[in-house]
Structures are given as C-alpha cells and as structure tokens.
Amino acid sequence: MASVFTELKTPVTGAYQQPTGLFINNEFVEGVDKKTFEVINPTTEEVICSVHEATEKDVDVAVAAARKAFEGPWKQVTPGQRAGYMFKLAELVEKNLEVLAAVESLDNGKSITLAKGDVGAVAACIRYYAGWADKIEGSTVDIAPDMFHYIKKEPIGVCGQIIPWNFPLLMLAWKIGPALATGNTIVMKTAEQTPLSALVLAQLVKEAGFPPGVLNIISGFGKTAGAALSAHMDVDKIAFTGSTVVGRAIMKAAAASNLKKVTLELGGKSPNIVFNDADIEQAISWVNFGIYYNHGQCCCAGTRIYVQEDIYDKFVEAFKKRATANKVGDPFHHETFQGPQVSQLQYDRIMGYIQSGKEDGATVEVGGERHGDKGYFIQPTIFSNVTSDMKIMKEEIFGPVCAIAKFSTEEEAIKLGNETMYGLAAALHTNDVNRAIRVSNALRAGTVWVNCYNMLHHQLPFGGYKASGIGRELGREALNNYLETKSVAIRLGGALF
Ligand code: NAI
Ligand code: MG
C-alpha cells in the first residue's frame, strides 16, 4: 500500500509528517483508483510531494461517510458538545500555528507573516462559530387557540464545500465554521494548487474528537471531484468560492441534479475611490494594501482606483513610490510582503492582462514585468490612463496589477464605481462624513470600506451583489446558509371547523 504520509521540511519548521491521503472517516486513505498528483512550490517551481487524488468514486465514498455520520453519531451529539469539539479544534489550530502557517507559505507562496495572520483568523473564526452552536433557536407563533405552532431550525444535511487556493486554510474555516455549528456534515474539496495545509489541519479534526465522517477533506481537481460533488444526488447543499465561470457551472449542476441549495462567493473588480478631501498619505497606504495584499489574489482586491482630478498627479507620484517599496521575494523572509503568484497558469494569465493593458495604450507607471528569474513572481504593477472599455478595467486579473483613472465629481465617482458586473466590495477615502455615508449608500457592493481596505472580520457578513455571488459568508447571517426552517402546526383538538 502506498504511503499516506511523507516527511517534508519547511525553512522554518524543520522536518514534519505531511499527510497526503484523502481524509475520510477520520483516516487518511488512498483513492479508489490510486491516483496521485504533484504539488508545486510556487517560489521554486519545484515539486514538493504528491498527494492522493479524489475521483468521482472517492466523492461517493466521502459523501456516504458524511451521510452516515449525519444520520448517526452527529445527530446524537448535543449542540453544547458540538461547540466543545469546535472550541477544541480552534485551540489545536492555535497550538499548531507555526507548522500550519509554514505549510501554507510553502504550498501557496504567501509570506509567512501573512500566513500566520491567516491561521490566527482561522482559529478565531472556528471559535466564533463554536459560540453559535448552542444558540440556534426557533420560535413559537400564536395563530389560533386550538393550535400550537412552532418554527424549528434544522441542519440541511450533507454539505459539499469547494474552496480556492488564495486562502487555503481561511476559506476552509469560513465554510466549516457555520456548517458544523448548525449540525451538518461536510465533504470539503480543496484546491488542486494548495492541498497541503488542509491535510495538516485534518489531523487536528480527529484529535479534537469529532466523530468519523463529520468533516471529510479530499484533494482533487475541479472538473472531476468538484463536478461530482456539485452534481451528487446525496449532497444537500453546495458552497463554493472561486471563479464566476465555475460558479455558474456549479449552479447548473445543482439545478440539473437534486436542486441542492447553493451559495457562491465569486469574483470582483472592486473600486477604490479617493476624494480630494481625503488624508492622502493614509489613502495611499490603504490603496496599496487594497491591491497588493496577498499578491493581488483576493476576490475583494481594490483593482479599479479612481482619484479626484485635482489630486491625481500628486497621488500617482506618491503611490508609485509606495508600490515600489513593497518587499517582493522569499515568502519565508519575515519582511516579505509579496511572494510568488500561486501557479504557472495564474502567472501566465496575469502577464496576459499586463500585455493587453500595454497593447490597449494604458501607461505602465511601475512594474509590468516578471520579478527575478525563478518562481512565479510579478512586479507590483500600476497602469494609469486606463479607460472604462479596456480589459484591465473590466476583468478580474487576480494579481498585483491595478488600473487608475481620474474623476471630477462625486456623482461621476459613484457612476464609475458601479460600472461593473461585479459587486463584492468597494472603498472610498474622504474626511467628509456626509459624503462617506452618501457614497457608501450609492455603491452596489456587499462590503464598503471607508478610509481603510480589506478590513474583513468573522463577525461581519461578506459576499456579493450582482455577479459576485449568492448569499453571505461570515457573521450570524452565514448560519442561515446551513439551516432548513421547519414550521410545525399541532392541532390541539376541538371541533373540526
Ligand atoms: P476555479 O474557480 O477554477 O477554482 C476554484 C475551485 O473550484 C477549485 O477548488 C477548483 O478545483 C474548483 N473547480 C474548478 N472547476 C470546477 C467545476 N467544474 N466544478 C466544481 N468545482 C470546480 O478558479 P481558478 O482556475 O483556480 O482561478 C481562475 C480565476 O478565478 C482567478 O484568476 C480569479 O479571477 C478567480 N478566483 C476567484 C477566487 C475568489 O476568491 N473569489 C479564488 C480563486 C480564483
Ligand atoms: Mg502549490
């Protein structure tokens, strides 16, 4: 039998045991077809190891395990006990922060400092939802004296969850948190570019005491394992984060199979608007963070920067200096802000967008080229003189590339801000409180940041207007994605009509 563990090293942890199997029923196993695929380190372009690959058959095995757990042991567990397992998991994540962050950096390429921040947020998110587990309440409704009505909240059942590679552990936490708190079981498919950290976390799921089959984690590809999960007749709900194209495919698969419930967190092309009454220094820092954080690989990245005309030249000059000062390089160096893009494919896509910006006649203010000669590194890039019809102003680039344009009036800023099929996030910078509220109200986006950017928090709902998705993650609101509502009407006797 092939091994389901391999010894790996990271520059900061030394040797550790990396699970490589599919995590089903609290055990690491090989796939039915015994397939494996290679995992790449984006910093060196070298193979880290191989992991076992889930095919359609393994999805069946994992779904059956999740169904059995849902109908059996997980139903017997009280909400308070559920909370207990989740609190324990949060504690174990914190205890293992160093190794989880190091594996995240190794596989995804994000800087170790950011990866540690992610792991801290994972623990906080799981702990927050643990707190909800025993606070899911229904209600009673008075309708008639001879009747008793109550409304009850119940778990949906077996949930398929498909996550992307930009925040491998954090996206897992956002999805398992509300699903487990409400009493569901899960088959989670990680992204093929970054399967490693979730498998390390899987060991902690077992250690925390969750019954087998409650949380299954499988590595595999979208077109096979992902598609099988979204079309599965025994999956009651599918939650997805990723591209708009795949979001549409998942909705179709859900519709064509058993009409499973669907929530989608998709792309964005978020505007970041700087008014002339803003604190310019502060605005530049937040604009820089808004686009270059996580190498631009954020669904909510502030990629369209609109600056009021009278401060435009000054802003562009100062922003160029700020962007050029971002430390790009080895993710394991604690001062690094920007590591490599996640894969050759993403690198090529982003370079393709940079090429199209150049060909369309936009001005490269800084960057626009590869950084270094090894790894998928791209220089922080700023395009100016970008018009609304250019591809780089319209399409999600998902890399360290932003487009700047001018506006003159508040009305025009709102119009430009909303000039997109997306509606995930938006931001504005101003010192005028009336303007802050007026413009926030007018922007069609699920999150609006004023005088800041990327200030997400597990207590605040996050998700998209328009083509950016369906439903909200995080906060109390996300619990509803994982609950059915049952109305019970009891007749108390007496004459019939
Ligand atoms: P993707 O949408 O193909 O991948 C995301 C997840 O969906 C992965 O786990 C993948 O295996 C799975 N998947 C792919 N095809 C599937 C299918 N037919 N059925 C079910 N699951 C499927 O995204 P990809 O190709 O990695 O990135 C492409 C673009 O998507 C990026 O350039 C970016 O614009 C956007 N994206 C957005 C993200 C977000 O946070 N909203 C995250 C990742 C990518
Ligand atoms: Mg990788």
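Mentor: A residue counts as buried under 20% relative accessible area, exposed over 50% and partly exposed in between, with a 1.4 Å probe and protein chains only. The model is predicted, with local features needing pLDDT of at least 70, side-chain atom pairs pLDDT 80 or more, and totals for chains, interfaces and linings using all residues. Residues are numbered from 1 along each chain as its sequence is written, chains are lettered from A and ligands numbered from 1 in written order, and side-chain values use heavy atoms, without hydrogens and water.

Trainee: Why is Lys466 called partly exposed?

Mentor: Its relative accessible area is 35%, which lies between the limits of 20% and 50%. Lys466 sits in strand S22, residues 465-466; strands are DSSP runs of E with at least two residues, helices runs of H or I with at least four, numbered from the N terminus. Phi of Lys466 is near 45°, a positive value in a residue other than glycine.

Trainee: What makes Phe398 count as buried?

Mentor: Phe398 has 15% relative accessibility, so it counts as buried. This residue belongs to the loop between helix H13 (391-394) and strand S18 (401-407).

Trainee: How do you know which atoms are protein donors of the magnesium ion, ligand 2?

Mentor: A donor is an N, O or S atom within 2.8 Å of the metal (3.2 Å for Na, K and Ca); water is not among the atoms, so a site may look incomplete. Ile40 (O), Asp107 (O), Asp107 (OD) and Gln193 (O) lie 2.2 to 2.5 Å from the ion, so they qualify under the 2.8 Å limit. Along the chain, these donors follow the spacing I-x66-D-x85-Q. Asp107, in helix H4 (residues 97-108), and Gln193, in the loop between strand S10 (185-189) and helix H7 (196-207), are 86 residues apart, and this pair links distant parts of the chain.

Trainee: Are Asp107 and Gln193 buried or partly exposed?

Mentor: Asp107 is buried at 2%, whereas Gln193, at 22%, is partly exposed.

Trainee: Why is Thr55 called buried?

Mentor: Its relative accessible area is 8%, so it falls under the 20% limit. Thr55 is placed in the loop between strand S6 (46-52) and helix H1 (56-71). Beyond residues up to four places away in sequence, Thr55 touches Asp33 and Lys35.

Trainee: Which residues surrounding ligand 1 are the closest?

Mentor: They are Ile163, Trp165, Glu192, Ser243 and Glu396, out of 27 residues surrounding ligand 1, where a residue is near if one of its heavy atoms lies within 4 Å.

Trainee: What makes the pair of Glu396 and ligand 1 a polar contact?

Mentor: A polar side-chain atom of Glu396 lies 2.7 Å from an oxygen atom of ligand 1, so the pair meets the cut-off for N or O atoms, within 3.5 Å. A nitrogen atom of ligand 1 is 3.2 Å from a polar backbone atom of Leu266. Taken alone, ligand 1 exposes 810 Å² and the protein buries 89% of that, by the Shrake-Rupley method with a 1.4 Å probe.

Terms used. Polar contact = N/O pair within 3.5 Å; in protein donor to acceptor, adjacent residues only side chain to side chain. Contact = heavy atoms within 4.5 Å.
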